[in-house]
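Please keep the sequence and the model side by side while reading.

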Amino acid sequence: MEIKGTAVKSIPDFIRKNYPDKYNAWMEALPETSRKFFKDGILPSTWYPMHDAAVVPTEVLGQLLFNSPGQGAWQCGRFSAENSLTGIYKFFIKAASPFFIVDKAGKIFTTFYQPSMMEVVEKGPDYVVLHITRFDEPSDLIEHRIAGWVEKAMEIHGFGYVLVEITKSLARGDAYTSFHVSWR
């Protein structure tokens with residue numbers, strides 16, 4: 001399974017911006033198979049092996065900075081949304097309906113992870129349910145990263161209270177990953 005360089009690049013960018021004094025410790029804690037990507041520099045348009053370029057670095061980030069890989073992945077996802085949904089994109093996010101945002105998140109998802117498939121399966125007045133139905137290397141950390149991204153995107157839209165729950169998980173053996181996203 002592969003992940004787009006723009007998503008990989010957000011991992012060291014998150015550490016550099018929020019925990020600059022921990023960056024070298026993070027790099028040193030990475031196995032050589034992961035460290036080489038960051039030493040060589042991440043190219044945004046290049047595809048990288050998901051496990052070595054994203055899962056392992058995110059796990060190390062979570063342990064080092066949060067003592068929780070899942071929390072680190074969630075915060076990294078929030079950071080990625082904040083960085084990618086700026087400028088003119090922020091205007092469109094604020095002007096769009098929440099359903100448009102979540103629907104687009106499902107379409108954007110496939111441009112960052114290959115092969116993959118995410119779709120909106122249910123909509124209500126203040127919630128949506130997203131399913132990942134294809135993801136060849138399920139990862140709890142990537143699911144948390146996606147949840148953090150969706151949460152921050154909805155906050156950028158202007159909702160003060162957003163709740164993203166992972167109710168089913170490919171990584172835990174379910175047939176699909178399900179995100180229940182609600183807001184006020």
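In this predicted model, helices H1 and H4 pack at an angle of about 20°, with their axes 9 Å apart. That angle is under 35 degrees, so H1 counts as roughly parallel to H4. The crossing in which H1 passes H4 is left-handed.

**Where H1 meets H4**

- From H1, the residues Val 8, Ile 11, Phe 14 and Ile 15 are in contact with Ala 53, Ala 54, Pro 57, Thr 58, Leu 61, Leu 65 and Phe 66 of H4.

**Aromatic pairs**

- The count of aromatic pairs in the model comes to 11.
- Phe 14 and Phe 66 form a stacked aromatic pair, with 6.5 Å from centre to centre and 20° between the planes of the rings.
- Because Phe 14 lies in H1 (residues 5-18) and Phe 66 in H4 (residues 50-66), this pair ties together parts that are 52 residues apart in sequence.
- Phe 14 is buried, with a relative accessible area of 5%, whereas Phe 66 is partly exposed, with a relative accessible area of 24%.
- Phe 14 and Phe 66 also belong, together with Tyr 19 and Phe 79, to one aromatic cluster.

**Charges over rings**

- The charged end of Lys 36 sits over the ring of Phe 37, at 5.1 Å from the centre of that ring.
- The charged end of Arg 184 likewise sits over a ring, that of Tyr 161, at 4.6 Å from its centre.

Conventions: Residues are numbered from 1 along each chain as its sequence is written. This is a predicted model: local features need pLDDT of at least 70, side-chain atom pairs count only at pLDDT 80 or more; totals for chains, interfaces and linings use all residues. Side-chain values use heavy atoms; hydrogens and water are left out. Rings of Phe, Tyr and Trp (its six-membered ring) pair if their centres lie within 6.5 Å; planes under 30 degrees apart count as stacked, over 60 as edge-to-face and the rest as tilted. Helices (H or I, at least four residues) and strands (E, at least two) are DSSP runs, numbered from the N terminus. Buried means under 20% relative accessible area, exposed over 50%, partly exposed in between (1.4 Å probe, protein chains only). A charge sits over a ring if NZ of Lys or CZ of Arg is within 6 Å of the ring centre and within 35 degrees of the ring normal. Axes are lines fitted to C-alpha atoms, for helices over the stretch in contact, and angles run from 0 to 180 degrees between N-to-C directions. Angles under 35 degrees count as roughly parallel, over 145 as roughly antiparallel, 65 to 115 as roughly perpendicular and the rest as oblique. A crossing is left-handed if the near helix is turned anticlockwise from the far one by less than a right angle, and right-handed if clockwise. Contact means heavy atoms within 4.5 Å.
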